[in-house]
Amino acid sequence: MTILTLPRSRPACAWAFLAITAPLVLGACGDSSPESTDPQVVIEIQAPTTEQGATITQLDYEIACDTEWRDVDADGVFMPATRRSGTMELLGPARSTSGTELSNTSLWSAIEAPLDGLCLLNLIGSDEQERSICASAATFQAIDGETTVVDRAVGCMEVPAFIGDLSLFAEAPELVGGLELETVEFTVDCAAGGTDFFGGDVSSKAQVNLNGNLEVFQEPTGLDVQGTFGELPVGSCTVQLRARDQDNEVRCIANDRVTIAPEQTRRLEMVIGCDA
């Protein structure tokens with residue numbers, strides 16, 4: 001049995017979540033609400049009480065979950081298997097584990113039906129004039145049919161970009177037109193925007209364009225080319241490889257596309273085609 005404990009939101013009150021196979025139990029002083037016997041997703045967020053000189057009076061959330069994160073539309077935007085949205089409940093001032101009230105920090109809560117896969121959580125805070133003054137994001141793992149507890153302390157406008165990695169493997173001939181291939185160049189172009197399905201998405205949309213040379217290994221059958229690229233923005237990326245001969249002429253080119261998934265490493269295998 002795995003036991004997860006959230007920070008106290010009220011002095012002398014215990015919050016215990018029995019996860020994995022046990023039902024969720026919420027124990028609170030004077031709380032007469034019935035215990036839940038069904039698996040669920042419990043989200044507890046500590047967020048700033050004020051931002052940009054205004055009080056956050058509403059905290060909306062958007063959730064997108066998928067076990068693979070592979071399906072994208074024509075614009076390279078993910079089409080997650082499950083999407084949820086709602087408005088969180090304000091429980092009051094957030095407190096430390098010792099029961100001390102935290103400065104300028106509120107505790108919000110929401111409960112959702114079970115989810116499955118890697119989930120992206122987007123948070124949008126609004127003031128009483130319904131202006132969006134706070135945005136944040138996080139990720140969490142969920143297993144269908146099991147209780148999941150999401151306990152996060154977030155800031156405003158300090159959103160970590162959803163990123164992933166790429167492992168590249170390619171093959172090329174050793175000789176082209178009697179000349180040896182000397183170098184293999186790469187261009188990895190990621191336009192990001194893979195999480196544009198979030199209405200208030202503030203994750204990084206800056207285009208990433210990487211250029212350089214790949215590591216080349218001589219094998220009996222030709223050249224093996226390898227490269228690893230970390231912290232790429234999620235969404236669709238194009239990859240181009242260019243092999244140059246001893247005269248520095250481009251003799252071989254390969255183009256392909258790969259979808260970078262959040263917190264995963266994608267493997268891409270390419271064959272570099274060459275002119276005789």
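Rings of Phe, Tyr and Trp (its six-membered ring) pair if their centres lie within 6.5 Å; planes under 30 degrees apart count as stacked, over 60 as edge-to-face and the rest as tilted. The legends below use this rule. The model is predicted, and local features need pLDDT of at least 70, side-chain atom pairs count only at pLDDT 80 or more, while totals for chains, interfaces and linings use all residues. Residues are numbered from 1 along each chain as its sequence is written, and side-chain values use heavy atoms, with hydrogens and water left out.

View 1. Strands (E, at least two residues) and helices (H or I, at least four residues) are DSSP runs, numbered from the N terminus. The chain has 276 residues, and 45% of them count as buried, where buried means under 20% relative accessible area, exposed over 50% and partly exposed in between (1.4 Å probe, protein chains only). Among the contacts with a separation of 6 or more, 65% are between residues 24 or more positions apart; a contact means heavy atoms within 4.5 Å. The accessible surface is about 13,700 Å², and carbon and sulfur atoms hold 46% of this area, as computed by the Shrake-Rupley method with a 1.4 Å probe.

**View 2. W69, F78, F197 and F198 are linked into a cluster by ring pairs.** The count of aromatic pairs in the model is 4. The pair of W69 and F78 is edge-to-face, because the ring centres are 5.2 Å apart and the planes stand at 85°. Both residues are buried, W69 with a relative accessible area of 1% and F78 with 3%. W69 also forms a stacked pair with F197, at 6.3 Å centre to centre and 25° between the planes. W69 lies in the loop between β6 (58-66) and β7 (82-87), and F197 in the loop between β15 (179-190) and β16 (208-213), so this pair ties together parts that are 128 residues apart in sequence. F197 is buried too, at 11% relative accessibility.

**View 3. R267 lies over the face of F169.** The distance from the ring centre is 4.0 Å. A charge sits over a ring if NZ of Lys or CZ of Arg is within 6 Å of the ring centre and within 35 degrees of the ring normal.

**View 4. An open sheet of 4 strands runs in the order β7-β6-β10-β11.** Its pairing is antiparallel; two strands pair if DSSP finds at least two bridges between them. β7 and β11 (132-142) are at the edges with a single partner strand each, so one side of each has no neighbour in the sheet. Neighbouring strands are turned by 15° against each other on average, direction ignored, with axes taken as lines fitted to C-alpha atoms. Strand β10 (residues 117-126) is joined to β11 by 10 bridges. In β11, A137 is the bridge partner of N122.

**View 5. A further open sheet of 4 strands has the order β17-β18-β13-β21 and mixed pairing.** The edge strands, β17 (215-219) and β21 (265-271), each pair on one side only. From one strand to the next, the twist averages 20°. β13 (residues 163-172) and β21 pair in the parallel sense over 7 bridges. The bridge partner of A170 in β21 is M270.

Methods
Axes are lines fitted to C-alpha atoms, for helices over the stretch in contact, and angles run from 0 to 180 degrees between N-to-C directions.
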